[in-house]
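Take a look at the fold below. The report that follows walks through a sheet, then some helices.

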Amino acid sequence: MDQTPVFKVNVVGRTTKAVNYHYRSGATKVDLKGTSLMPNAHGSARVESHPGRIGIDVTADNLDSPQKFGPEYLTYVLWAITPEGRASNLGEFLPGSNRKISVTTGLQAFGLIVTAEPYFAVTMPSDVVVMQNVVLNNKTAGIVTPINAHYSLLPRGIYTRTIGGKVYNPITRNNKSPLELYEAINAIQIAQAAGADQYAPDILARAKEQLSNAQDLDQRKRDRKQEVTYARAAVQTAEDARLVTLRKIQAEQRAALAAEQKAKQDAANAAAEKSRLEAQQSQLAEQQAQLQAQREAAQRAQAEADAARAQAAQQSAEQQAAAARAQAAQLREQLRQQLNSILQTKETPRGLVVNLSDVLFATARYDLKQDTQLKLARIAGIFLAHPDLRVQVEGYTDNVGSEAYNQKLSEQRANTVQNFLIQQGLSAQNVSAIGYGMADPVADNSTAAGRQQNRRVEMVVSGPSIGIPNQAAPGQTPVPAPYAAPAPAPYSQPAPPPPPANPSGVSNPPGPQG
């Protein structure tokens, strides 16, 4: 949320009686009567003409605390209002009764009003008018006919600094300190709210220094007159900072308005120039349209010919692809039947899966039985007839025994089959082996029959010639892209386990059967 106080800016109007005090000897009198805002307030003014000036002696009674109109109001100000509506600050009334001030003015025709204000040095009256002059027909001698003076006022709230609708840093007066000190605080806060920190920082800094001097004297309870002097100086300086700020803001607004008007004129000129250029280009566009139509006709004819050729090529490619797929499917089925005649073989999305059941190995061992070797030799002969085939040998176990034991046994059985196929002439680049241990069971491990099915070695056969270009992990579908084998590391025959450590060929004896 933006923490910058809002400073309201608008003006309202009001009418009062202005009296033309002709130069004459002797004094005349007008009354001051409380308005609806403070009906108990009253006072009187004695007006006397002098050469070049008019003296005014004013007395006011029953001036209540101005803060009842808002926390920003701290004092009262007497104003002279000309028939043209110009306001002149004549002086300050403090709250209370029997308040008197004697002032002079160069004005000749004016009305008198009293307003509640945040400090004495304001330059425009607020609309909190608590008293105004009343012409006395039997006491105001030698005057001309009263004139209605329409003047401008700052509406209530103009001096209120708010955030989210609440007064920001409201003034709470301590009666032990002079009122002028709080007027100074108020004046500086109002100047800051108007933007004096940005537009009049030097003037505002002097006001703060003067306030600081007054506050220092107030804390030390010394020299009350000097404290009031510093405080009143701070008020005047802060008001100067506020007025300078308002003038600069108005100058910025005028400059922004001028810039906006210039931008509008520039935009109008640019629009006119654009219209002229568009008119000049219109004829050229008509000429180019005919040429463009001819080019487009030729391009359409060329595009139609290209499309026909592309369609013919696509149809040919689709026919060739369909023939290739059919040929691959036929070869895959033929290969499945050949392999299935030796060992159980099924077709899966991963490729042809040849299953070597647990019974083809010695119990809990990884060496191949004699009849298993014969079957693998026949299968190797089939693989040799198709050099592009890749074989991934995968070992699996049931869940009997430790995870480490079963993982090792699955790897040993897969490696045994891999080594045997390589010994039969298959390229080491085309045969890989991996052990999955207890992963991916095909049957329920809670039964003996299920565990026997899970103890298996599978050979996953893939290759471009049978329409399965690459290998995929169990449970995944091969990516349909041409297979590109990475450069293999030089193959080395795994060394058999040392005879003293495991002469029987049993993995981790005497562990549970896998």
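Two strands count as paired when DSSP finds at least two bridges between them. Keep that in mind for what follows. The model is predicted.

Five strands form an open sheet, in the order 13-14-17-15-16. The pairing is mixed. Strand 13 (345-348) and strand 16 stand at the edges. Each has a single partner strand, so one side of each lacks a neighbour in the sheet. From one strand to the next, the twist averages 25 degrees.

## Pairs within the sheet

Start with strand 13 and strand 14 (residues 351-357). They pair in the antiparallel sense, over four bridges. Here K346 stands opposite V353 in strand 14.

Now take strand 15 (residues 390-396). How many bridges pair strand 15 with strand 17? Seven bridges link strand 15 to strand 17 (residues 456-462), and the sense is antiparallel. V393 stands opposite M459 in strand 17.

Strand 15 also pairs with strand 16 (residues 431-435). These two strands run parallel and are joined by five bridges. E394 has I434 as its bridge partner in strand 16. To get from strand 15 to strand 16, the chain passes through helix 6 (residues 403-423). This β-α-β crossover is right-handed.

## Helix 6 and its neighbour

Helix 6 has 21 residues. Its first and last C-alpha atoms are 30 Å apart, close to the 30 Å expected at 1.5 Å a residue. Just after helix 6 comes G425, with a positive phi of about 115 degrees.

Two packed helices are described by the angle between their axes and the distance between the axes. Helix 5 (residues 370-384) packs with helix 6 at an angle of about 55 degrees. Their axes are 9 Å apart. Angles from 65 to 115 degrees would count as roughly perpendicular, and those under 35 as roughly parallel. Helix 5 and helix 6 are therefore oblique to each other. The crossing of helix 5 past helix 6 is right-handed.

## A helix that falls short

Helix 4 (residues 224-340) has 117 residues. How far apart are its end C-alpha atoms? The distance is only 116 Å, whereas a straight helix would reach 174 Å at 1.5 Å a residue. Helix 4 also bends by about 30 degrees at S282.

Key:
Residues are numbered from 1 along each chain as its sequence is written. This is a predicted model: local features need pLDDT of at least 70, side-chain atom pairs count only at pLDDT 80 or more; totals for chains, interfaces and linings use all residues. Side-chain values use heavy atoms; hydrogens and water are left out. The expected span of a helix is 1.5 Å times one less than its number of residues. The bend at a residue is the angle between axes fitted to the seven residues ending there and the seven starting there. A crossover is right-handed if, with the strands pointing away from the viewer, the path from the first strand over the helix to the second runs clockwise. Axes are lines fitted to C-alpha atoms, for helices over the stretch in contact, and angles run from 0 to 180 degrees between N-to-C directions. Angles under 35 degrees count as roughly parallel, over 145 as roughly antiparallel, 65 to 115 as roughly perpendicular and the rest as oblique. A crossing is left-handed if the near helix is turned anticlockwise from the far one by less than a right angle, and right-handed if clockwise.
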